Amino acid sequence: MGSSHYKILVVDDEEPMRKLIVSLLSTKGHLCITARNGLEALDKITENKFNAVITDIVMPEMNGIALTKEFSK
């Protein structure tokens, strides 16, 4: 199989978790953009095109479920 590199949005209110996920995905050659919450993620989604979104569920301001509903519209 050929190597595919993706642009991934990583959304988590805990910085250590964001850094861990980005570190793991970056070693596989993926480009990661991060957001601290759902509202910040929505801003980044309007500015960028992503192949995937990895989101925490429990976050302040907008949780991961509400975020998923918003960008799935």
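Me: Among contacts between residues at least 6 apart in sequence, what share joins residues at least 24 apart?
Reply: This is a predicted model: local features need pLDDT of at least 70, side-chain atom pairs count only at pLDDT 80 or more, and totals for chains, interfaces and linings use all residues. Residues are numbered from 1 along each chain as its sequence is written, and side-chain values use heavy atoms, with hydrogens and water left out. Contact means heavy atoms within 4.5 Å. Of the contacts between residues at least 6 apart, the share joining residues at least 24 apart is 57%.

Me: In what order do the elements run from the N terminus?
Reply: The protein has three helices and three strands. These are DSSP runs numbered from the N terminus, with helices being H or I of at least four residues and strands E of at least two. From the N terminus on, the order is β-α-β-α-β-α.

Me: What radius of gyration does the protein have?
Reply: The C-alpha atoms fill a box of roughly 40 × 30 × 20 Å along the principal axes. The radius is taken over C-alpha atoms, and the globule rule is 2.2 Å times the number of residues to the power 0.38. For 73 residues, a compact globule would come near 11 Å; the protein agrees with that, at 12 Å.

Me: What percentage of the 73 residues is buried?
Reply: Buried means under 20% relative accessible area, exposed over 50%, and partly exposed in between, using a 1.4 Å probe and protein chains only. By that cut-off, the buried part of the 73 residues is 29%.

Me: How far apart do the centres of the positive and negative side chains lie?
Reply: Lys and Arg count as positive, Asp and Glu as negative; His and the chain ends are not counted. Each charge is placed at NZ of Lys, CZ of Arg, CG of Asp or CD of Glu. There are 9 positive and 10 negative side chains, and the distance between the two centres is 7 Å.

Me: Is Leu9 buried or exposed, and at what relative accessible area?
Reply: Leu9 sits in strand β1. Beyond four places in sequence, its contacts include Ala35, Ala41, Phe50 and Val53. Leu9 counts as buried because its relative accessible area is 0%.

Me: Which residues does Val53 contact beyond its neighbours within four places in sequence?
Reply: Val53 belongs to strand β3. It is partly exposed, because its relative accessibility is 27%. With those sequence neighbours left aside, its contacts are Leu9, Val11 and Phe71.

Me: How far is the C-alpha atom of Leu20 from that of Ala66?
Reply: Leu20 lies in helix α1, residues 15-27. At 46% relative accessibility, Leu20 counts as partly exposed. Leu20 and Ala66 are 46 residues apart along the chain, and their C-alpha atoms are separated by 24 Å.

Me: What is the relative accessible area of Asn48?
Reply: Asn48 is in the loop between α2 and β3. Its C-alpha atom is 16 Å from that of Lys73, 25 residues away along the chain. Asn48 is partly exposed, with a relative accessible area of 25%.

Me: Near what value is phi of Glu61?
Reply: Glu61 lies in the loop between β3 (52-55) and α3 (64-71). It counts as exposed, because its relative accessibility is 62%. Its phi is positive, in a residue other than glycine, and is near 75°.
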